[in-house]
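Student: I have a model open and want to check the labels attached to it. Can we go through them one by one?
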Amino acid sequence: MAASAAGGMGVAGVLLWGWVLLGCVWCPGLLEADASRSSSHGHGHSRSSARAAAAYPLDDLHGLGREFDGIGAVSGGGATSRLLVNYPEPYRSQILDFLFMPNFGASLHMLKVEIGGDGQSTDGTEPSHMHYENDENYFRGYEWWLMKEAKKRNPNIKLIGLPWAFPGWIGRGENWPYDYPDVTVYYIVSWIWGAKQYHDLDIDYIGIWNERSFNSKYIKVLRHTLDKVGLKNIGIIAADGNWTISRAMLVDPYLNDAVQIVGAHYPGTKTVDAALLTKKKLWSSEDYSTFNDEVGAGCWARVMNQNYVNGNMSATIAWNLVSSYYEKLPFGRNGLMTAQEPWSGHYKVEPPIWITAHTTQFTQPGWTYLQADGHLKKGGSYVALTDGLGNLTIIIETMTHNHSECIRPRLLPFSVSSQIATFYLKGSFHNVKALQVWYSKLDFGSANSTLFQPLSPIEVFEGTFTLNLDVDEVYTLTTLKTGQKHMYREPPPSQPFPSNYKDDFNIRNPAFSEAPNFADQTGVFEYFVNTSDPGDHIYTLRQVVVQRPITWASDADQTISIIGDFNWVNMTITCDIYIERPHDGGVFIAGRVDNGGIYVRRTKGIFFWVFADGTYRVTGDLARKVVLMKGLAGVRDRTWHTLTLTLKGSSASGWLNGYPLWENVPAFKPSNGWAAIGTRSFEFAQFDNFHVEAS
């Protein structure tokens, strides 16, 4: 049946169509034999259709395939869950339910989080638990909270930690974490212990350094230390890049013993011989990373199946968990669902959530793949898994090339067409009498897709059943009756960021270390109690990273945190500022900021700077290379001042402590962007009474 026909049906029509689709081999006009064997549900097996169909045996009699380790997603890499924590209830809990609750939505088996390292890691920075060598704080950021919320919903979920960046003190002046492996190991093991001691979280796996060089000595020291301090149960995943480490493991038995999982990113469903020869579990430890529309869902359906079929990978982890960052940052809406408006409460359960459910709701880590070819004759794939207790789950996908392209790697051409498939259940599954059916059909015309709908159970006769498969479909056939598609009432409608926004940071015991809606792009801005100020600035927001981190991306040389609506054009920004660094310290407020994330070094906007030496500058970029105006301001360090920046049309003006300092500076580009605050370098500075009024 054509996609357009399916897309126009209501639920009843879809169910009826699904009945016909699965049972059409028994339609009166097609019958040649065995009509008496059809069931009252309309499903059955016809000898005539079997002759025309391709045959796929599923058998456990001669052994099984690899153990299944699960389907998961990444929070971090970076700051991808930044806006989620600010959602009001009940919407925040609803989002978490769709992600983690078993038999509800995505029902994820694994959660991988960034071990914050104070550096830019794609869409922002995440704070470290050790900004400085003598500093430990296991309540910074939001990953602790997220892991607890996941565990609250699914106590069996597996937790994984992986660093992208590291605080600068670890490198002792070098942009490298491996020169002092004992120091780096201490830092990582401290994070693991902190998770347990302060949050009662048991970390299951730990990574090395995301998509950067591995170091054999460091991995072996980490393994030795974990074993020595009673953390033998924690598996090391290496090296979260390509498969190169597997070749090193084959010639270094100590390295091979240290690594439990060989994890590769965006493997294109393929592995390499060296990885197979290690005899280790193979994972796609980061994958997907694709806009979360129907094509993204097609990408995700294809790789979840074919990572095992083509590459023997027993786990697949999506980047990223939920798009909870400003959409105009890099890789906007690359999460399994979208939740980027805490100010309105609006969120959207995107198609990849329900594609995930096809696998996660009917399998669990510890199940085992059946040995099967896995390739459908006319394109697409299938996998079959069992719990060893008689339960069987089969997942089939028929994604076409143009409807399943992931962001990376390049997908070589292939074809998929409609086909008839007959499955033969053998061994311990021969006596299965019926399978529950869950069905999705991705519609690329009207985007009116059928997503994760239950169809009538299919009757299995003498271990055999037949399906008519169209393109861009996903089927789950299972002995389990526990699948559910939950829905809440529609969340509030989408709204732009408030055009009049204030924050005085006056929170005595904040639930999180960062102020709502500020998205740090270089540096870390945290709530601060200014005990030395008896006046109006006791509770402030402070930039706290004072040494350039060991970077993963190209962090700026300045610190910056953005906020607001990327479409803002005219705005007035006011903020109290406090320069802590004498002589060469400095801070800014800015508007029409046009960039962030991994591109933060190229950020442009209208920046109003004041410096501890008493000067000011107006620049058209964060790097301060495009100077629009400069002069004397009389600003001093360790004194509170109030800055105001007004952007109207092609003109910009600035005030200091309520008095005009510069006026009518031409401001043609950028034409729109966020508001921002920040510092001249990695230095302490404070901000208070932030206010933006925009249009």
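Student: How many helices and strands are there in the protein?
Tutor: This is a predicted model, and the protein in it has 12 helices and 36 strands.

Student: Why is the link of cysteine 299 and cysteine 406 called a disulfide?
Tutor: The cut-off for a pair of cysteine sulfur atoms is 2.5 Å. The sulfur atoms of cysteine 299 and cysteine 406 are 2.0 Å apart, within that cut-off, so the pair is a disulfide. By this rule the count comes to 1 disulfide.

Student: Which parts of the chain does the pair link?
Tutor: Distant ones: cysteine 299 is in helix α11 (residues 294-311), and cysteine 406 is in the loop between β16 (392-397) and β17 (419-425), 107 residues apart. The link is right-handed, with 100° about the S-S bond. Both cysteine 299 and cysteine 406 are buried.

Student: What makes cysteine 575 buried?
Tutor: Buried means under 20% relative accessible area. Cysteine 575 has 0%, so cysteine 575 is buried. Of the 695 residues in the protein, 62% are buried.

Student: How do you know that the radius of gyration agrees with a compact globule?
Tutor: For 695 residues, a compact globule would have a radius of gyration near 26 Å; the protein has 28 Å, which agrees. Along the principal axes, the C-alpha atoms fill a box of roughly 95 × 55 × 40 Å.

Student: What does UniProt list for residues 369-484?
Tutor: An unreviewed UniProt entry lists "domain: Glycosyl hydrolase family 59 central" there. The span is 0% helix and 44% strand, and its end C-alpha atoms lie 23 Å apart.

How values were computed
Residues are numbered from 1 along each chain as its sequence is written. This is a predicted model: local features need pLDDT of at least 70, side-chain atom pairs count only at pLDDT 80 or more; totals for chains, interfaces and linings use all residues. Side-chain values use heavy atoms; hydrogens and water are left out. Helices (H or I, at least four residues) and strands (E, at least two) are DSSP runs, numbered from the N terminus. Buried means under 20% relative accessible area, exposed over 50%, partly exposed in between (1.4 Å probe, protein chains only). UniProt positions are given in the numbering used here, feature names are shortened, and annotations may be inferred rather than shown by experiment. The radius of gyration is taken over C-alpha atoms; the globule rule is 2.2 Å times the number of residues to the power 0.38.
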